[in-house]
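Thanks for coming, everyone. Please take a look at the screen before I start.

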Amino acid sequence: AGAAPASSRAAVRLRGEDAAPIQAANITVGARARTDETMAFDPARFAWMKPPAPAKSRLLWSKVVLLVLLLPLFGQSFHYIKDVPPLWALSKIWPLPFAPVLLYRPYSAFSCQMIFTFLWLVGISSVAAIPAFGQSFLIGLTGQIKLLPLLSFFSFLGFLYWQKPTLRELTAAFVICAVATLLVLLALWLVAPQSWYVGTIDVGDAPLLSADARGNRIRMPMFFAMLGMFYWYRLANQTQKWRWFVPVAIVLSCMMGLVRTRAMVLGGAATLALAMLVATTPRRRLIVMLLVPVLLIAMFQIPYVASVFDTDQNSGLQVRVITAQKATYFLGNDWINWLFGVGSISSINPKGMADFFSHYFFLADITWLGIIFEFGLFGAALLLALPVRGIWYFKKLRRRIDHPLLAAMQDYLIYVILISGLYPTLTLQPGEVAILLSVAVYCRFAAKDFAAQRRRFA
């Protein structure tokens, strides 16, 4: 082939000369793009700087077993069961050995309030009983032994600080206690013959198995079962799994069919209804509002539940009315009696309040009036302040740790307030409120402590 014409060689040379700046520009643009890409923030490149996630909490069964063994003593499960004398006696003095633990963390939440409430109620009522009933101060102190479980707040809080259980371990222990309560209750119902049920009950006595107008009753302490019922409902609402309503129904059935305590049945149902109205979706809230009246009507078809409105002689209303009249007359028009109370006669006195008033006089029968009679309006306010502040404290805590057990404990404090008009839990079982408050305080402390150690608490 011959040589290319001069005009073609010139055109190729011209195109080469024009392409050089273009290639240089492309290289410059590419380098700038790579530089911009290099300078852009990429979170994945800095992943090595992120602190590791807390390790998942393991369930240490040694701690769970220890909690299961001691929780019934802290929760007053044997406080009124004289059928088991060793545990009954141990339950009476249980808060004392651990009470000095308050010196470990004396300024934790509720500490000052609990100390002041305990000292005021015990001291003022014992002093007030000296002129009112003519008994000595030391004898008056023995009359307030029922308030000793308030010190379980410090006892159980110190135990938790010592063991440092996770919230998962606490939940396992409380749930096991709830299941154990139901199993023992059902076992007694299945095994106990009719001869074990006491038909004639002495004044001031409350046997575990009794038979009265309501039928056969098992006076099983239901603190853990009730708390378990609220926990299972909260768990069902949180996980949207309906199977958790089965244990809720079992607890309700046991309360209505075996325990047969009106305050417990009405208070438990009312607290569940309130929780369903608050902690649920708008659609379910509407369904609950429609179902609650129907369920209440069905509940009051049970004779002993409906008997709460009875006014005949067998209902005991007349005895309560006379007790209230005598208590009001004894307080009189003296504002000091109403403000600070007049105390009560010690249980070690063989005559007691019944002999003094010539009547079956029991302060528990008149609930809040009985509390005012013994501790005054100021003392009643101190007692009520414990669950009220506890509800507020749990509400704040749940903003940081949203857990069904904490929600259930908040529900139980609401339950205590709801049934206080029928049954004075705040004076007969103050240990229940005390250990719930101690759990709340511990959880707030442990959440920070575990986070600092890169450990998972909840």
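First, the ground rules. This is a predicted model, where local features need pLDDT of at least 70, side-chain atom pairs count only at pLDDT 80 or more, and totals for chains, interfaces and linings use all residues. Residues are numbered from 1 along each chain as its sequence is written, and side-chain values use heavy atoms, with hydrogens and water left out.

Now the second largest pocket. A pocket here is an open set of points on a 1 Å grid over the protein atoms alone, with protein on both sides within 12 Å along at least five of seven lines. The space in the second largest pocket is about 740 Å³. That volume is the space filled by probe spheres set on the points.

What lines it? There are 26 lining residues, meaning residues with an atom within 4 Å of a point. Nearest the centre are Leu272, Ala273, Met276, Val292 and Leu295. Helices H9 (223-239), H10 (245-259), H11 (262-278) and H12 (282-299) each supply at least two lining residues. A helix is a DSSP run of H or I, at least four residues, numbered from the N terminus. H12 gives the largest share, nine residues.

By class, the lining has 23 nonpolar, two polar and one charged residues. Nonpolar covers Ala, Val, Leu, Ile, Met, Phe, Trp, Tyr, Cys and Pro; charged covers Asp, Glu, Lys and Arg; the others, Gly among them, are polar.

Next, helix pairs. The axes of H9 and H11 come within 11 Å and cross at roughly 20°. That makes H9 roughly parallel to H11. Axes are lines fitted to C-alpha atoms, for helices over the stretch in contact, and angles run from 0 to 180 degrees between N-to-C directions.

H2 (residues 61-74) and H8 (residues 167-191) pack at about 45°, with axes 9 Å apart. H2 and H8 are therefore oblique to each other. The cut-offs: under 35 degrees is roughly parallel, over 145 roughly antiparallel, 65 to 115 roughly perpendicular, and the rest oblique.

Last, two loop residues. Phe110 sits in the loop between H4 (95-98) and H5 (111-133). Its phi is near 75°, a positive value in a residue other than glycine. Is Phe110 buried or exposed? Phe110 is buried, at 2% relative accessible area.

Arg260 lies in the loop between H10 and H11. Arg260 has a positive phi too, about 60°, and is not a glycine. At 22% relative accessibility, Arg260 is partly exposed. Buried means under 20%, exposed over 50%, partly exposed in between, with a 1.4 Å probe and protein chains only.

Technical notes: 1 Å grid on protein atoms, 1.4 Å probe; cavity = no way out; pocket = protein on both sides within 12 Å on 5 of 7 lines; lining within 4 Å.
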